[in-house]
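Please look over the model below before reading my comments. They are meant to be checked against the coordinates.

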Amino acid sequence: MTATDNIAPKLLCACSIDCVLASGFAYSDLDQGAFANYRIINHAFAYRIPDPIPSIHAGPLMCAGASVFEALDAANVRPGNRVGVVGVGGLGHVGILFARAMGCPVTALNRTTKRMGDAFALGADTYFSLEDLNTPHYPPTDTRSNSAPGHGNAGIDVLLITTNVVPSLDSLLPLLARRATSVLMTIQTEALSVPYMPFVLPGHKLIASTEASVTNHYRMLEFVAQKVVTTGVVNILPWVEQFEMSVDGLAKAFERLEEGEMRFRGVLVMPESGI
Ligand SMILES: NC(=O)c1ccc[n+]([C@@H]2O[C@H](COP(=O)([O-])OP(=O)(O)OC[C@H]3O[C@@H](n4cnc5c(N)ncnc54)[C@H](OP(=O)(O)O)[C@@H]3O)[C@@H](O)[C@H]2O)c1
């Protein structure tokens with residue numbers, strides 16, 4: 001029996017990767033029960049969190065985790081593919097953790113070098129600041145030279161774009177291997193500009209990914225639980241900061257968020273629940 005066998009027949013389409021009836025949380029199910037103690041939902045969309053996954057990590061996994069797993073699946077990532085993750089934030093840090101756990105070398109890219117230490121701790125082996133894509137950085141113990149030329153050096157096969165704004169593709173395309181797949185995850189209203197020949201000549205693909213399927217929610221939970229059991233919690237569970245679910249706790253969480261200092265997801269915990 002698979003994890004999805006117990007889903008009501010009339011909702012079987014919800015399990016499909018290509019379900020035509022799927023719609024995102026911004027367009028359906030608008031009463032999300034936030035800050036309530038309990039919520040009644042259709043059982044087909046309630047997931048049992050595997051025991052090895054602590055509740056405090058399950059929240060971020062059910063959003064950032066499922067979204068990133070879906071994107072890696074959409075790009076058909078295989079062990080050994082070099083995965084690039086643009087943006088070391090809530091989504092991006094899970095992208096580094098998951099790709100690494102899938103057996104992929106990871107190049108992380110962020111606006112500045114501020115997140116470089118975090119990216120290496122998460123498992124990236126190469127780091128670029130978007131301010132200087134000619135200079136790759138490597139972990140301190142790495143024997144590669146930090147002054148090695150960047151372009152063509154990384155040869156990224158799959159590029160997850162997880163920033164709040166899509167950076168210039170002009171500057172990112174030279175980092176890609178031939179026939180690379182770039183996955184747009186950013187939600188923005190601005191139009192996208194794609195340089196034509198640098199995209200077409202190497203045979204690149206550009207896809208988008210949002211709204212993880214039910215199947216991939218289950219697959220993600222199984223993947224993470226298995227990694228926790230076999231390798232431990234480090235380098236698979238999202239990094240979280242914990243706040244009390246109270247007016248004071250919310251104020252502190254928003255302060256961290258607005259300062260851009262949250263690493264990398266804030267989790268509100270009911271005072272009496274002691275997650
Ligand atoms: N496709 C999906 O399924 C899905 C699911 C959830 C969220 N999203 C979208 O994914 C994006 C990231 O979400 P998140 O929760 O990871 O956000 P987040 O935790 O705030 O991280 C944002 C990242 O974007 C970078 N960034 C912010 N402004 C930028 C700019 N102007 N240029 C380049 N980089 C910039 C930040 O860099 P710094 O460290 O320098 O601040 C950080 O690395 C959002 O657009 C969100 O709506 C998509």
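1. Basis. This is a predicted model, in which local features need pLDDT of at least 70, side-chain atom pairs count only at pLDDT 80 or more, and totals for chains, interfaces and linings use all residues. Residues are numbered from 1 along each chain as its sequence is written.

2. Overall fold. The protein chain holds seven helices and nine strands. Helices (H or I, at least four residues) and strands (E, at least two) are DSSP runs, numbered from the N terminus. Of the 275 residues in the protein chain, 32% are buried. Buried means that 20 or more other C-beta atoms lie within 10 Å of the residue's own, with C-beta atoms placed from the backbone.

3. Contact range. Take the contacts in the protein chain between residues at least 6 apart in sequence: 61% join residues at least 24 apart. A contact requires C-beta atoms, placed from the backbone, within 7 Å.

4. Ligand shell. There are 23 residues around the ligand, and S67, G89, G90, L91 and I187 come nearest. The criterion is a C-beta atom, placed from the backbone, within 6 Å of the molecule. Helix α2 (residues 90-101) gives the largest share of the shell, three residues. By type, the shell has seven nonpolar, 14 polar and two charged residues. Here Ala, Val, Leu, Ile, Met, Phe, Trp, Tyr, Cys and Pro count as nonpolar, Asp, Glu, Lys and Arg as charged, and the others, Gly among them, as polar.

5. Helix α1. This helix (residues 55-74) has 20 residues. From first C-alpha to last it reaches 27 Å, close to the 28 Å expected. The expected span is 1.5 Å times one less than the number of residues. Where is the kink in α1 centred? The kink is centred on L61, at about 50°. That bend is the angle between axes fitted to the seven residues ending there and the seven starting there. Just after α1, N76 has a positive phi of about 55°.

6. Hairpin. Strands β3 (residues 126-129) and β4 (residues 132-137) pair antiparallel over two bridges. Pairing requires at least two DSSP bridges. Two residues link β3 to β4 in a hairpin. S129 sits opposite D132 in β4.

7. Helix α6. Its 18 residues (214-231) reach 26 Å, close to the 26 Å expected. Buried positions in α6 include V214, H217, Y218, L221 and K227. Cover for the buried residues of α6 includes α1 and α2. G232 follows α6 with a positive phi, near 95°.

Terms used
A residue is buried if 20 or more other C-beta atoms lie within 10 Å of its own, exposed if 12 or fewer, and partly exposed in between; C-beta atoms are placed from the backbone. Two residues are in contact if their C-beta atoms, placed from the backbone, lie within 7 Å.
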